[in-house]
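Trainee: Could we go through this model together, one question at a time, so that I can learn how each answer is reached?

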Amino acid sequence: MDEQKEAVIPKVARFRILKPVQPTTWQDLGALLRGVRYRVFRLANLAVSENYLQFHMWRTGRTDSLDVRTVNQLNRDLRKMLEEEKQDDIDPTRLSKTGALPDTVVGALSQYKIRALTTRSKWSQVIRGQTALPTFRLGMAIPIRCDKPSHRRLERMEDGSVQLDLMVTRRPYPRVVLGTRNVGGAGGGVGASAR
C-alpha cells in the first residue's frame with residue numbers, strides 16, 4: 001500500500017456557553033437546548049434498549065421476527081412518539097425534516113455514546129450480568145458531531161471571543177459565545193489557531 005492513511009482520533013471538547021449571540025435570547029436558547037437534551041436522552045435509551053432486544057431475540061432463536069432498527073429509524077420513530085404525546089413545545093421542523101433530532105446530533109450520539117457501549121467488551125459485560133444495561137438521564141450532555149469539513153468550527157472574533165454555530169437545529173443555527181479558559185490545559189484557552 002503506497003499511501004498510508006492517517007489515523008483519525010476523535011476528540012471531545014466540552015465548552016461552556018457564555019451567552020447567545022443576538023437575535024437569540026437566553027430564554028430562546030434555554031428552551032431549545034432543554035428540548036434537544038430531552039430528545040437526546042430519549043433516543044439514547046431507545047437505542048440501547050433496541051440493541052438489548054435484538055441480542056435477546058437472536059439468543060432465543062427468533063431471528064425471523066427480528067426487525068433491526070438503526071438509530072436513524074429510531075430517530076424517526078421518536079419524532080412520531082413525541083407528536084403523539086403532544087408534550088413537545090419545540091417546532092419539530094426546526095430541529096429536523098424527518099426525525100426528532102438533526103443528523104449532527106444523531107451521528108454523534110450513535111458514534112460516540114451508543115457504539116461505545118455496544119462494543120464487544122462493554123456489551124459482553126451487560127450480557128453476562130456484570131454490569132447493568134446503561135440508562136441515560138435527562139441531564140446528559142448534547143453530543144454534536146463537528147468532524148466533517150462542512151461542519152462549523154470555532155471562530156475567533158475580532159474582540160477576542162470565540163463563537164460557534166450550535167448545530168442542534170436546522171439552519172439558521174443558534175450562535176453562541178463560548179468560554180475557552182479551561183480548554184487546552186491550565187488556563188491556556190483556545191488560541192489564534194481556532195477554526
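**A pocket and a residue beside its centre**

Mentor: Let us begin with the second largest pocket, which has a volume of about 210 Å³, and keep in mind that the model is predicted.

Trainee: How many residues line the second largest pocket, and which lie nearest its centre?

Mentor: The lining is made up of 14 residues. Those nearest the centre of the pocket are Pro102, Asp103, Thr104, Thr169 and Tyr173.

Trainee: Is Thr104 buried or exposed?

Mentor: Thr104 belongs to helix α4, which covers residues 103-117. Leaving aside residues up to four places away in sequence, Thr104 touches Pro143, Ile144, Arg145, His151 and Met167. Its relative accessible area is 12%, and because buried means under 20%, Thr104 counts as buried.

Trainee: In what order do the helices and strands of the chain run from the N terminus on?

Mentor: The chain contains five helices and four strands. Read from the N terminus, the order of these elements is β-α-α-α-α-α-β-β-β.

Trainee: What percentage of the chain's contacts between residues at least 6 apart in sequence join residues at least 24 apart?

Mentor: A contact here means heavy atoms within 4.5 Å. Among contacts between residues at least 6 apart in sequence, the share that joins residues at least 24 apart is 63%.

Key:
Residues are numbered from 1 along each chain as its sequence is written. This is a predicted model: local features need pLDDT of at least 70, side-chain atom pairs count only at pLDDT 80 or more; totals for chains, interfaces and linings use all residues. Side-chain values use heavy atoms; hydrogens and water are left out. On a 1 Å grid over the protein atoms alone, a cavity is a set of points where a 1.4 Å probe fits but cannot get out, and a pocket is an open set with protein on both sides within 12 Å along at least five of seven lines; lining residues have an atom within 4 Å of a point. Grid points are joined across faces, edges and corners, and a volume is the space filled by probe spheres set on the points. Helices (H or I, at least four residues) and strands (E, at least two) are DSSP runs, numbered from the N terminus. Buried means under 20% relative accessible area, exposed over 50%, partly exposed in between (1.4 Å probe, protein chains only).
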